[in-house]
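This report describes one protein chain for a reader who has not seen it before. The sequence and the structure come next, followed by the links within the chain.

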Amino acid sequence: MLRIIILAIALLIDPAITFGADMSGCSQLSDLSAARLRWAAVRKSRVDPAHNEENCRSYGANFFEAVTVRQAASFCRDGIDRQRTLELLDSEIDALNDLITTQCNG
């Protein structure tokens, strides 16, 4: 278990390692519009207290997907397109993070 944690930390610290391993993630960017529509639907969905645990898992999974796509975008895009994409993804990540904070405390 400790080895897995150390490996995860190493991957987060050294983006060059993840860059080589994640070039296949560039294909995720072609589905960026569809992903943004999914994230918007998640954010706008009704909050049902009876399904709070399921909702929180969904928010977390979508947040993780957005962060993963952002990481790929930081390596795969360049120029003005890259900056615009990163700004859009940052706003999505912030919105999902706010949703998790307000709906899943406890």
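A salt bridge is a side-chain nitrogen of Lys or Arg within 4 Å of a carboxyl oxygen of Asp or Glu. Helices (H or I, at least four residues) are DSSP runs, numbered from the N terminus.

The model is a predicted one, in which local features need pLDDT of at least 70, side-chain atom pairs count only at pLDDT 80 or more, and totals for chains, interfaces and linings use all residues. Residues are numbered from 1 along each chain as its sequence is written, and side-chain values use heavy atoms, with hydrogens and water left out.

**Confidence**

pLDDT is the predictor's confidence in each residue, from 0 to 100. Its mean over the chain is 75, and 67% of the residues reach 70 or more. Over residues 16-22 the value stays under 50. For that stretch the model has seven contacts (heavy atoms within 4.5 Å) beyond four places in sequence.

**Salt bridges**

The salt bridge rule gives a count of four.

Accessibility is sorted by relative accessible area: buried means under 20%, exposed over 50%, and partly exposed in between (1.4 Å probe, protein chains only). Glu92 counts as buried because its relative accessibility is 4%, while Arg36, at 28%, counts as partly exposed.

Glu65 lies in helix H4 (residues 52-76) and Arg38 in helix H3, so the bridge ties together parts that are 27 residues apart in sequence. Glu65 is partly exposed at 24% relative accessibility, and Arg38 is partly exposed with a relative accessible area of 38%.

Asp90 counts as partly exposed at 28% relative accessibility, as does Arg70 at 25%.

**Helix H5**

H5 has 25 residues. From its first C-alpha to its last it reaches 36 Å, close to the 36 Å expected at 1.5 Å a residue; the expected span is 1.5 Å times one less than the number of residues. Which residues of H5 are buried? They are Thr85, Leu86, Leu89, Glu92, Ile93, Leu96 and Leu99. An α-helix has 3.6 residues a turn, so residues three or four places apart point the same way. H3 and H4 are among what covers the buried residues of H5.

**The disulfide**

A search of the whole structure finds one disulfide, defined as a pair of cysteine sulfur atoms within 2.5 Å. It joins Cys56 to Cys104, with 2.0 Å from S to S. The two cysteines lie in distant parts of the chain, Cys56 in helix H4 and Cys104 in the segment after H5, 48 residues apart. The link of Cys56 and Cys104 is left-handed, with -105° about the S-S bond. Cys56 is buried at a relative accessible area of 18%, whereas Cys104, at 24% relative accessibility, counts as partly exposed.
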